[in-house]
Amino acid sequence: MSVDQAEIEKIAQLARIRVAPSDIAELTERITGILDMVDQMQAVDTAGVEPLASPLNASQRLREDQVTETDRHGEFQGIAPATESDLYLVPKVID
Amino acid sequence: MSAHTLAALSQRLGSGDVSSVEITRDYLARIEAHDPALNTVITVTAEQALADAEAADARRAAGEAGPLLGIPLLHKDIFCTAGIRTSCGSKMLDNFVPPYDATVVTRLKAAGAVMLGKTNLDEFAMGSSNENSFYGPARNPWDPERVPGGSSGGSAAAVAAGFAPAATGTDTGGSIRQPAALCGITGLKPTYGRVSRLGMVAFASSLDQGGPLAGSAEDCALLLQAMAGFDPADSTSAEREVDDYSSGLEGDLAGLKIGLPKEYFGDGLDAGIDSTVRAALAEYEALGAELIEISLPHTHLAVPAYYVIAPAEASTNLSRYDGVRYGYRCEDPENLYDLYTRTREEAFGAEVKRRILVGTYALSAGYYDAYYRKAQQIRRLIQQDFLAAFESVDVIMGPTTPHPAWVLGDKANDPVAMYLEDIYTLSVNLAGLPGMSVPAGFVDGLPVGLQLIGPHFDEARLLNIAHRYQQVTDWHTRRPAL
């Protein structure tokens, strides 16, 4: 399946990646190439085949509802680009 | 020093013939002298290594023993190391110093291993050539004009170059086995869930698995013994006892049934690799094994299914890199949307962006059934092919890669050609099986890998099968002149 440049722009927006206008054409071509290869899947009849999401069919383990973590927020926030009063800072979102 | 296997070094440490500090110094000196030409190590942790080595020597002096006590290792720079930059080959994490160790790192530390540094890789482990690294490509020590493979290219090239007796790697679609093959060393991708993924930077969570790269199957057994095991902090870790990987290495191969998938010996396979692999299979026959042609009929669908599933999982996993909590942040964002989109534009490389976009597309409204669900159905068919084959054979063998190491840049502008280099390794990850690559000879001076694929959790048997071959051949001991 081929994708057009408008679709690539839409996907890039969903993926939160800015794409420079000068890069759009080449990116569209490359992604079309990948999707063409992927489309070989469509020739296979998979009716009734149960999808396999994880190789060992594992189920989520449950644990006791207890506190198991210690408070290490200082270390974790210490590597953030910007924090203040234990909060992560981002550009203003509400005027 | 470089010719010494981990097992031999371990014996010398045990007998007091050498100290960990001495061998650590030797390896650090070798890295310093020769790595500038090969670029296999992103961060050398010399100070830490010498401190680790002194501690290991003290533990030995106090009566402690253990095969990894005092053994220097390199870690792929995808495993988090507390206090030491973990870049994952990306500008995004160039400034990332994790506050904790990956479970693999913790376990190897506890066994007394010494960390020499962190190895080069394709950005976020996405690639088959190591050319997608923010730190520049690692080079193949057999011919520095050629790629070492990827994504664990730095680890494989470093072991081949004698910068460490062994290294850790990760394998999402062949990223341990393919570089091991291209660099002429031994690599093992364990069963999905055998080795903890905690602290291993996530690429595709249902495929990612850590494992060892080393000079022999015997060495891989020693490393896997320390790396494997249940980890309650990894929700997909297998709650299952770890086998003793060394005790069964000598087991007899008489009557071993080896399945040869006809799909692995067809069009697209280099003639030199074909004949090299067949010569290895003849060695197995001489050891008493029986060769049986089998079919894995959905093999041709592994690349398409993988390139939906892996990008889809990657697009989800890599959404965490938003410039807010850690890692790169763009300068002077105008607003939150600009912060996200420009941070990700500036800090992700071209291949990572392509995969995120393909994954986002495959998961987006209207395409989910045609792509993601379809790929998961094909994944089931691929796994069923293997499970059916293992009803009549003990192990599956074939080439690890269709070609030997190629010249840098040759496939860099054609993502699909690059993806097809992993045609024999991807299905093993889709099915969650253990796989190995073992050196089997050379084509035009470049190493060739024999791939061994086993049933789930049959690592001990794979190691035994590889070890017996290495007792009657010496391909695994060949090293390039630097």
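**Figure 1. Chain B, overall.** Chain B holds 15 helices and 11 strands. Helices (H or I, at least four residues) and strands (E, at least two) are DSSP runs, numbered from the N terminus. The radius of gyration of chain B is 21 Å, close to the 23 Å from the globule rule for 482 residues, so the chain is as compact as a globular protein of that length. That radius is taken over C-alpha atoms, and the globule rule is 2.2 Å times the number of residues to the power 0.38. This is a predicted model: local features need pLDDT of at least 70, side-chain atom pairs count only at pLDDT 80 or more, and totals for chains, interfaces and linings use all residues. Residues are numbered from 1 along each chain as its sequence is written, while chains are lettered from A and ligands numbered from 1 in the order in which they are written. Along the principal axes, the C-alpha atoms of chain B fill a box of roughly 65 × 55 × 45 Å. Of the 482 residues, 62% count as buried. A residue is buried if 20 or more other C-beta atoms lie within 10 Å of its own, exposed if 12 or fewer, and partly exposed in between, with C-beta atoms placed from the backbone. Among contacts in chain B with a separation of 6 or more, 77% join residues 24 or more positions apart. Two residues are in contact if their C-beta atoms, placed from the backbone, lie within 7 Å.

**Figure 2. Chain A, overall.** Chain A has 3 helices and 2 strands. Read from the N terminus, its elements run α-α-α-β-β. Its radius of gyration is 22 Å, whereas a compact globule of 95 residues would have one near 12 Å. The C-alpha atoms of chain A fill a box of roughly 55 × 45 × 25 Å, taken along the principal axes. Buried residues make up 18% of the 95 in this chain.

**Figure 3. The side of chain A that touches chain B.** Here 38 residues of chain A are in contact with 53 residues of chain B. Helix H1 (5–14), H2 and helix H3 (73–77) of chain A are the elements that give two or more residues to this side. H2(A) supplies the largest share, 6 residues. By class, this side of chain A has 26 nonpolar, 5 polar and 7 charged residues. Ala, Val, Leu, Ile, Met, Phe, Trp, Tyr, Cys and Pro count as nonpolar, Asp, Glu, Lys and Arg as charged, and the others, Gly among them, as polar.

**Figure 4. Helix H2 of chain A against helix H11 of chain B.** H2(A) (residues 24–38) and H11(B) (residues 350–363) pack at about 55°, with their axes 11 Å apart. Axes are lines fitted to C-alpha atoms, for helices over the stretch in contact, and angles run from 0 to 180 degrees between N-to-C directions. The two helices are therefore oblique to each other. Angles under 35 degrees count as roughly parallel, over 145 as roughly antiparallel, 65 to 115 as roughly perpendicular and the rest as oblique. A:Arg30, A:Ile31 and A:Ile34 of H2(A) make the contact with B:Arg354, B:Leu357 and B:Val358 of H11(B). By class, the contact has 4 nonpolar, no polar and 2 charged residues.

**Figure 5. Helix H1 of chain A across H11 of chain B.** The axes of H1(A) and H11(B) come within 9 Å and cross at roughly 95°. That makes H1(A) roughly perpendicular to H11(B). A:Ile11, A:Ala12 and A:Leu14 in H1(A) meet B:Leu357, B:Thr360 and B:Tyr361 in H11(B). This contact has 5 nonpolar, 1 polar and no charged residues.

Figure 6. In H5(B) (residues 153–160), 8 of the 8 residues are buried, so the helix is largely enclosed by the rest of the structure. Among them are B:Gly153, B:Ser155 and B:Val159. Just after H5(B), B:Gly162 takes a positive phi of about 75°. In H4(B) (residues 103–110), the buried residues are B:Thr103, B:Val104, B:Val105, B:Arg107 and B:Leu108. Their cover includes strand S2 (72–76), strand S4 (166–170), strand S6 (210–214) and helix H7 (217–227) of chain B.

Figure 7. B:Asp267 is found between strand S7 (257–261) and helix H8 (271–286) of chain B. With 6 C-beta neighbours inside 10 Å, B:Asp267 counts as exposed. B:His34 lies 233 residues from B:Asp267 in sequence and 38 Å away in space, C-alpha to C-alpha.
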